Amino acid sequence: WILAAQDQRLAAVREVAESWAERKVVVGTAIVHKGRMLAQQRRYPARDAGRWELPGGRVEPGESEQDAVVRECAEELDVEVTPTGRIGTDVPLDNGMLLRIHAARLVDPEAAPRAVEHHEVRWIDAGELVELDWLDADKVLVHSLRDLLRRR
Ligand code: 9L3
Ligand code: MG
C-alpha cells in the first residue's frame with residue numbers, strides 16, 4: 001500500500017504541474033532605468049481603479065512572452081522596450097491565468113513613458129515600491145522587484 005500511496009501522490013503532483021503548465025500567461029514588465037522602476041495606476045475595472053501594477057497584459061495566441069512585453073509597453077506607455085529576462089515567481093490570478101514578470105529596459109533612454117490608458121505612470125525607488133497600493137498579484141512580487149532595483 002505504500003507504493004500505491006506513492007503512485008497516488010505522484011499522480012496528484014503531476015496533475016497540478018500539468019494544469020499549471022496549461023494556464024495562459026499575463027506578462028508584467030519591470031522597466032528599470034537609473035535605479036527606478038516604472039509603475040502604472042489602473043483606471044478600470046472599478047475594483048482595481050487607483051491601484052498600481054506593472055505594465056502588461058495577456059499573451060496573444062502565437063505570440064512569445066517577449067513579443068507581448070514589447071507590444072503591451074508600446075500600447076500602454078508609448079515606448080519601445082527590450083526584455084532582459086524573467087523576474088520572480090509566477091503568480092496565479094483570479095481569472096485562472098498566471099502573472100509572469102519580465103525585466104526590461106528602454107530602447108531610447110530619453111524616451112518618456114506616458115499613461116495611454118492608465119491614470120498615471122510613475123518612476124519609483126525601492127522605498128516607494130513597498131508603499132504603493134499594488135494589485136494583489138503584483139504585491140506578491142514586491143520583494144523580488146526590490147532585489148532587482150538593488151542590483152541595478
Ligand atoms: N494583471 C495583474 N497585474 C499586472 C497585469 C499587467 C495584469 N501587472 C491582471 C489584471 C487582469 C489581467 O491580469 O485581470 C489581464 O491584464 P490586462 O489585460 O487587464 O492588463
Ligand atoms: Mg494591461
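**Contacts, cores and a metal site in a predicted model**

Setting aside residues up to four places away in sequence, T29 touches L54, P55, V69, C73, H102 and A104; contact means heavy atoms within 4.5 Å. This is a predicted model, in which local features need pLDDT of at least 70, side-chain atom pairs count only at pLDDT 80 or more, and totals for chains, interfaces and linings use all residues. Residues are numbered from 1 along each chain as its sequence is written, chains are lettered from A and ligands numbered from 1 in the order in which they are written, and side-chain values use heavy atoms, with hydrogens and water left out.

T29 is found in strand β1. Helices (H or I, at least four residues) and strands (E, at least two) are DSSP runs, numbered from the N terminus. T29 has 0% relative accessibility and counts as buried. Buried means under 20% relative accessible area, exposed over 50%, and partly exposed in between (1.4 Å probe, protein chains only). T29 and E53 lie 24 residues apart in sequence, and their C-alpha atoms are 9.3 Å apart.

In soluble globular proteins, nonpolar side chains tend to be buried together. A nonpolar core is a set of buried Ala, Val, Leu, Ile, Met, Phe, Trp, Tyr and Cys residues joined through side-chain atoms within 4.5 Å. The largest one here has 23 residues. M37, I101, L129, W134 and L145 have the most contacts inside it. At least two residues each come from β1 (25-33), β2 (36-41), β5 (81-92), β6 (98-106) and α5 (142-151). Helix α5 gives the most, with four residues. A second, separate core has 14 residues, including I31, A68, V69 and L106.

The magnesium ion (ligand 2) is coordinated at 2.1 Å by G56 (O) and E76 (OE). Donors are N, O and S atoms within 2.8 Å of the metal (3.2 Å for Na, K and Ca); water is not among the atoms, so sites may look incomplete. G56 lies in strand β4 (residues 56-58) and E76 in helix α2 (residues 65-77), 20 residues apart, so the pair links distant parts of the chain. Both are buried: G56 has a relative accessible area of 13%, and E76 has 4% relative accessibility.

R51 is found in the loop between β2 and β3 (52-53). R51 is buried, at 18% relative accessible area. Its side chain makes a polar contact of 3.5 Å with that of D133. A polar contact is a pair of N or O atoms within 3.5 Å; within protein, one must be able to donate a hydrogen and the other to accept it, and residues adjacent in sequence count only if both atoms are side-chain atoms.
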